[in-house]
Amino acid sequence: MDQQVKISVDEQGRLRRRPLVADLVSKRDDALLVTGLGGATYDVAAAGDSDKNFYFWGGMGLTAMTGLGVAIAQPDRRVVVITGDGDMMMGIGSLATIASAAPSNLAILVLDNERFGETGEQIGLSAGCTDMALMAKGAGFETTATLSTEEEIGSLPGLLYKTPGPVFVVAKVAPGNDERVLPSTDGAYLTRRFRDAL
Amino acid sequence: MSWSEDVFKVLDNHEVATIATVPDAGLTGVLNLCENSETKKVVTLTTEEEGVGLMQGLWLGKQRGALLMQSSGVGNCINALSVVASTRTPCAMLITMRGQWGEFNPWQVPMGHATQPVMEAMGVYCYSVEQADQIAETFDAACGLAFNGGYATAVLIHQRALGTKVF
Ligand SMILES: Cc1ncc(C[n+]2csc(CCOP(=O)(O)OP(=O)(O)O)c2C)c(N)n1
Ligand SMILES: [Mg+2]
């Protein structure tokens, strides 16, 4: 069942990522979040720091695989990866690995601004002919979606937190850099507190 | 292959529950034992660096993993190793070497030559083994250092211990 999502769109009707992520994080219950370097890490940190968040600050392309690892290790908890299009494209082959491993508790959300936001908003590959949700389908994900309108986005909380995984969702979001909200960069600390929170 | 059985026992003793791999001929014995075991899950990777990301996630979720690959795969892992180094996450690796003594295929030589230097440059503690009967005990030590110290460690199984591939 669709849940109410607090929507904010820009002048062209494109979804704003910061309030979207804030709304999704507020509905997490005890889900574990793994975030990709760049905008996704800042968006989730801006929604409020938690010891059940693991933020990437490097390792571009690996976020989804780390989500898979957490999902395998914690099969009774929901694990949600929130990352950028650039990070997901760098590890796009991992969609085959993840689909084959078939974790029923894992969902991946790509915040697709069609840009390398972190490095100066250079146009990315998903701005062109490349359809990541279709690649995920080809990799073997049964549930995939691309959401870009206010109407479509209502299904997002259900997809991320309820639908049997693995789930792959692309949310098309407006470009433009929000304020950088920086969580700790101490990887050993972030790792230890996450483990201790389980 | 008895060293495969011994390595499997080492994985068991260290409570390794998930094995990540892009296979190599020399790893077949261990991988088959893992596939047929009820205590282990094998994750077949598209490319080896994914395995490092997986080790990060398994450890975050309080599970132990190990990464098994051919030396060529080490080249694919370089930047990924910066993740486990930055987070002090255990990353135990078992690597079958190519491009060494008696190598038939010259295309294997550049990466085989660079495997250990590249790993060491990324902060991985490496242990090279030339005799089959020393593989398991060395891997046991490497797992101990990884899981007790939060390090990336690798056992490099020399082609002398494996026999060279002939075509
Ligand atoms: C291997 C590697 N290549 C390049 C970079 C530089 N870099 C950092 S973030 C980033 C872009 C991230 O883009 P995306 O995942 O779409 O995030 P967002 O647009 O939300 O910031 C790039 C290219 C890097 N950190 N690592
Ligand atoms: Mg982007």
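Which residue forms a salt bridge with Asp49(A)? The legends below answer this and describe further close-up views of a predicted model.

**View 1. The salt bridge between Arg193(A) and Asp49(A).** The partner of Asp49(A) is Arg193(A), and the closest N and O atoms of the pair are 2.8 Å apart. Arg193(A) belongs to helix α8 of chain A, whereas Asp49(A) sits in the loop between α2 (39–46) and β2 (53–55) of that chain, so the pair ties together parts that are 144 residues apart in sequence. Arg193(A) counts as buried, at 12% relative accessibility.

**View 2. The salt bridge between Asp30(A) and Arg77(A).** The side chains of these two residues meet at 3.8 Å, N to O. Asp30(A) is placed in the loop between α1 (17–26) and β1 (32–35) of chain A, and Arg77(A) in the loop between α3 and β3 (79–84) of chain A; the pair therefore ties together parts that are 47 residues apart in sequence. Asp30(A) is partly exposed, with a relative accessible area of 44%, while Arg77(A) counts as buried at 16% relative accessibility.

**View 3. Further salt bridges of chain A, including that of Asp23(A) with Lys27(A).** The closest N and O atoms of Asp23(A) and Lys27(A) are 2.6 Å apart, and both residues are buried. Arg17(A), Arg18(A) and Asp43(A) are joined in a network of salt bridges. Over all chains, a search of the whole structure finds 13 salt bridges.

**View 4. The interface of chain A and chain B.** Here 24 residues of chain A are in contact with 25 residues of chain B. The area buried between the two chains is about 2000 Å², and carbon and sulfur atoms give 67% of this area. Leu62(A), Ile72(A) and Arg195(A) supply 29% of the area that chain A buries against chain B, more than any other three residues. Zero salt bridges are found across this interface, but eleven residue pairs are in polar contact between the chains. Helices α3 (63–73), α5 (94–101) and α8 (187–197) of chain A each supply at least two residues of the side of chain A that touches chain B. Among the contributors to this side, α3(A) gives the most, with seven residues. By type, the residues of this side of chain A comprise 14 nonpolar, nine polar and one charged.

View 5. Trp59(B) is buried, with a relative accessible area of 15%. Leaving aside neighbours within four places in sequence, Trp59(B) is in contact with Thr191(A) and Arg195(A) of chain A, and with Arg64(B), Thr89(B), Pro90(B) and Phe147(B) of chain B. The C-alpha atoms of Trp59(B) and Ala132(B) are separated by 29 Å, and the two residues are 73 residues apart along the chain.

**View 6. Helix α7 of chain B, residues 135–149.** This helix of 15 residues reaches 21 Å from its first C-alpha to its last, close to the 21 Å expected at 1.5 Å a residue. The buried residues of α7(B) include Ile135(B), Phe139(B), Cys143(B), Gly144(B) and Phe147(B). Gly150(B) follows the helix and has a positive phi, near 75°.

**View 7. His14(B) in the loop between α1 (2–13) and β1 (16–21) of chain B.** At 12% relative accessibility, His14(B) counts as buried. Apart from neighbours within four places in sequence, His14(B) is in contact with Arg64(B), Asp140(B), Cys143(B), Gly144(B) and Phe147(B).

View 8. Ala102(A) is not a glycine, yet has a positive phi of about 55°. Ala102(A) is located in the loop between α5 and β4 (106–112) of chain A and is partly exposed, with a relative accessible area of 43%.

**View 9. Arg88(B), a residue with positive phi.** The phi of Arg88(B) is about 55°, although Arg88(B) is not a glycine. This residue is found in the loop between α5 (78–87) and β4 (91–96) of chain B. Arg88(B) is partly exposed, with a relative accessible area of 42%.

Technical notes:
Residues numbered from 1 in each chain as written. Chains lettered and ligands numbered in written order. Predicted model: local features only at pLDDT ≥ 70, side-chain atom pairs only at ≥ 80, totals over all residues. Heavy atoms only, no water. Helix = DSSP H or I, 4+ residues; strand = E, 2+ residues; numbered from the N terminus. Expected span 1.5 Å × (residues − 1). Buried < 20%, exposed > 50% of the residue type's maximum accessible area, 1.4 Å probe, protein only. Contact = heavy atoms within 4.5 Å. Buried area = accessible area lost by both parts, 1.4 Å probe. Salt bridge = Lys/Arg side-chain N within 4 Å of Asp/Glu carboxyl O. Polar contact = N/O pair within 3.5 Å; in protein donor to acceptor, adjacent residues only side chain to side chain. Nonpolar A, V, L, I, M, F, W, Y, C, P; charged D, E, K, R; others polar.
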